[in-house]
Amino acid sequence: MNQTDRRDKGLAYIADETALAEMMRCRKILQKLNFMDRSDLSGIAAVVEELLGKSENAFLNPPFYCDYGFHIEVGKNFFANYNCTIIDVAKVKIGDNCMLAPNVSIYTAGHPIYPATRNSSYEYGKPVTIGDNVWIGGNAVICPGVCIGNNVVIGAGSVVTKDIPDWCVAAGNPCRVIRRITDADKRKLFKSEEMDEEAWQDIVNRGFAE
C-alpha cells in the first residue's frame, strides 16, 4: 500500500513526494485566492470552485488555508470568514448553510505522542464531520475525529475535542453543551435581546420563521 492510500484509509502514513505534489497543486490555487482583488467577488467564487470542486454558492473570504482542498466537501451556502484554516489530511464534510467566523481552524491531522515514534515522520488523519445549519464562532478549533451535529452553535474560542449533538449551543475549552436550542430562540438576536418588529416581519414574510 502506498503512502497516500494509507493516508486516505486513516492509517499511519508519511507525507511523501506524491502527497507533496498534491499539496503544491493546492498551494498554487491558494496563491491565486489569497492575493486576489478582495472586491472581485465573482473571481473569488470561481477560484473557490476550483479549489473545492463541487459546491453550490460556497464563498471563502481570503485569506484561506488548507492542505489539499479535494478532501473538503461543503454543502449549499457555505461561508468561511477571514483567516480560516482547514488541515484536510482526512475528509472534512460540512453540511448546508454553515458559517465559520474569522480564525476558525479545523484540524484532521495528528502525530504520535511518543517522541521517537513522532520523529519517524509518520502522521495520521481522522475525519471531521459538521452537520447542516451550523455556526462556528471566531477562533474556535475543531480537533481530529470530531462530529458536530445539525443546528448547532459553537461559541467563540471553543476547542472542540468530542462530538457535539444536534440542536444545542456548545462552548468552552474543552467544548461542552451549554443548553438546547428551542422554539423560544426563534426571535432571539443577542443574549436576551429580540429581533425588532420590522426585521422579524421580513423574516416571516420570506418564510424563515417556520
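A pocket is an open set of grid points, on a 1 Å grid over the protein atoms alone, with protein on both sides within 12 Å along at least five of seven lines, and its lining residues have an atom within 4 Å of a point. In this predicted model, the largest pocket is lined by 36 residues. The structure also holds an open sheet of seven strands, an open sheet of four strands and a largest nonpolar core of 42 residues.

**The largest pocket**

- The volume of the largest pocket is about 1,400 Å³.
- Nearest the centre of this pocket lie Trp-135, Val-153, Asp-185, Lys-186 and Lys-188.
- Strand E13 (135–136), E16, strand E20 (188–190) and helix H5 (197–205) are the elements that give two or more residues to the lining.
- By residue class, the lining of the largest pocket consists of 19 nonpolar, nine polar and eight charged residues.

**The seven-stranded sheet**

- The strand order in this open sheet is E2-E5-E8-E13-E16-E18-E19, and the pairing is mixed.
- E2 and E19 are the edge strands, each pairing on one side only.
- Strand E16 (residues 152–154) runs parallel to strand E18 (residues 168–171), and three bridges join the pair.
- On its pairing with strand E19 (residues 176–180), E18 is antiparallel, over four bridges.
- Ala-170 has Val-177 of E19 as its bridge partner, and Ala-171 has Arg-176 of E19.
- E18 and E19 make up a hairpin with four residues between them.
- In the turn of this hairpin, Gly-172 has a positive phi of about 110°.

**The four-stranded sheet**

- This open sheet has the order E4-E7-E12-E15, and its pairing is parallel.
- Strand E4 (72–74) and strand E15 (147–148) each have a single partner strand, so one side of each is left without a neighbour in the sheet.
- Strand E12 (residues 128–130) pairs with E15 in the parallel sense over two bridges.
- Within that pairing, Ile-130 has Ile-148 of E15 as its bridge partner.

**Nonpolar cores**

- In the largest nonpolar core, the residues that touch the most other members are Phe-64, Ile-106, Ile-136, Ile-148 and Ile-154.
- Helix H3 (residues 41–52) contributes the most to this core, with five residues.
- A second, separate core has five residues, including Tyr-13, Ala-19, Met-23 and Val-89.
- Ile-136 touches Met-99, Leu-100, Ala-101, Val-104, Ile-130, Ile-142, Ile-148 and Ile-154, with residues up to four places away in sequence not counted.

**Cis peptide bonds**

- The bond from Pro-62 to Pro-63 is cis, with omega near 5°.
- Pro-63 is in the loop between strand E2 (59–60) and strand E3 (64–66).
- The bond from Asn-173 to Pro-174 is also cis, with omega near 0°.
- Pro-174 belongs to the loop between E18 and E19, the two strands that form the hairpin described above.

- Asn-103 has a phi near 70°, a positive value in a residue other than glycine.
- The location of Asn-103 is the loop between strand E8 (99–100) and strand E9 (105–107).
- With a relative accessible area of 29%, Asn-103 is partly exposed.
- Asn-133 is not a glycine either, and its phi is positive at about 60°.
- Asn-133 sits in the loop between E12 and E13.
- The relative accessibility of Asn-133 is 36%, so Asn-133 counts as partly exposed.

- Residues under 20% relative accessible area are called buried; Phe-59 is buried because its relative accessible area is 17%.
- Apart from neighbours within four places in sequence, Phe-59 is in contact with Leu-41, Ile-44, Ala-45, Phe-78, Phe-79 and Ala-80.
- Phe-59 and Ala-12 are 47 residues apart in sequence, and their C-alpha atoms are 33 Å apart in space.

Technical notes:
Residues are numbered from 1 along each chain as its sequence is written. This is a predicted model: local features need pLDDT of at least 70, side-chain atom pairs count only at pLDDT 80 or more; totals for chains, interfaces and linings use all residues. Side-chain values use heavy atoms; hydrogens and water are left out. Two strands pair if DSSP finds at least two bridges between them. On a 1 Å grid over the protein atoms alone, a cavity is a set of points where a 1.4 Å probe fits but cannot get out, and a pocket is an open set with protein on both sides within 12 Å along at least five of seven lines; lining residues have an atom within 4 Å of a point. Grid points are joined across faces, edges and corners, and a volume is the space filled by probe spheres set on the points. Ala, Val, Leu, Ile, Met, Phe, Trp, Tyr, Cys and Pro count as nonpolar, Asp, Glu, Lys and Arg as charged, and the others, Gly among them, as polar. A nonpolar core is a set of buried Ala, Val, Leu, Ile, Met, Phe, Trp, Tyr and Cys residues joined through side-chain atoms within 4.5 Å. Buried means under 20% relative accessible area, exposed over 50%, partly exposed in between (1.4 Å probe, protein chains only). Contact means heavy atoms within 4.5 Å.
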